[in-house]
Amino acid sequence: MVHYSTSRAITSGVQQGSVLGPILFLIFVNDIINFLPSSAKCKLFADDVKSYITFINSASHLTIPSMLSAIADWSSTWQLPLSVSKCNWMLISNCRNNDFITINLQGSLLGRVDEVKDLGVLFNSKLNFSEHISQIVSKAKQRIYLLFKAFSSSNTQALILAYKTYVLPIVEYCSPVWSPSLVCDIMKLEAVQRLFTRRLDPCRNLSYSERLNYCCLITLERRRLIADLVLLYKIVHNLVTVDLDNALSFSKGSTRGHSYKLEVKRARTNVRLHFFTVRTIKIWNSLTEAVVSATSVNSFKNSLTECKFNHLIL
């Protein structure tokens, strides 16, 4: 027997669990960027707001109170209270004497953090991803042990398919963001695949390269390199929109190389030197015209399989 609650008129709101609910909420909060000062930038994802300001001089931090005040005014105007207890701030800088800043939001002092997880990627105030790599390596190895424990069959092809489905996504998620440059981190990640292939019965007495050939796999380092190039291909050919400010620009006046050659930006710090655009542009510029002019992403990927990157990876 079905029972219905009594109807009641409402003046605002969206039914919980509706299909349009998330979309309407995004539309509702999307105009918060119009309230911020011109020097502030804002990134929105669902109900999370990340606002930031670039420090050009010692007085730049004075813009922070106006930015937070604008956010508080917006929340008050549209009756969407902020969860101040969940708010915090982080200073990304190489400067050691950075204790001169205190940040308040709606009268409450915000806590400072040196490490934060954003959309599944853990990074710190030095933009170092070693801790993130350690965490995903640990999780991936646990998943490998579960695979061998849960699968009653020792069929090699079934285990390889399970590895590709349940383990590779862990160690490859958002790799263009955190792809390591330190040898220790590169080897730590590669150890995941070494562990899996070594546990396969037909591969126990084979070297790592022989195990990869037997399983039709490539190194994780090469996979990350291909992921970088594929993302750059999508950006260059306007298949995705990525806010990289002035980090990408086509090379002018050069007659060498292909027609999509990009300008290599100068890097003053190691963080910038190993940033996605800087580390990938050099490799992109070394590709042939036929490869970078591929008509589709799949065609571009297939072309990369024939490229030799041995001098770029360990």
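Tutor: Quick ground rule before we start: buried means under 20% relative accessible area, exposed means over 50%, and partly exposed is in between (1.4 Å probe, protein chains only). This is a predicted model, where local features need pLDDT of at least 70, side-chain atom pairs count only at pLDDT 80 or more, and totals for chains, interfaces and linings use all residues. Residues are numbered from 1 along each chain as its sequence is written, and side-chain values use heavy atoms, with hydrogens and water left out.

Student: Why is Leu119 called partly exposed?

Tutor: Its relative accessible area is 46%. That value falls between the 20% and 50% cut-offs, so Leu119 counts as partly exposed.

Student: And what makes Cys216 exposed?

Tutor: Cys216 has a relative accessible area of 64%. The cut-off is over 50%, so the label is exposed.

Student: Where do Leu119 and Cys216 sit?

Tutor: Leu119 is in the loop joining strand E7 (115-118) to strand E8 (121-124). Cys216 is in the loop from helix H8 (208-215) to helix H9 (220-236). Those names come from DSSP runs, numbered from the N terminus: helices are H or I with at least four residues, strands E with at least two.

Student: How many helices and strands does the chain have?

Tutor: There are 13 helices and 8 strands. Of the 314 residues, 33% count as buried.
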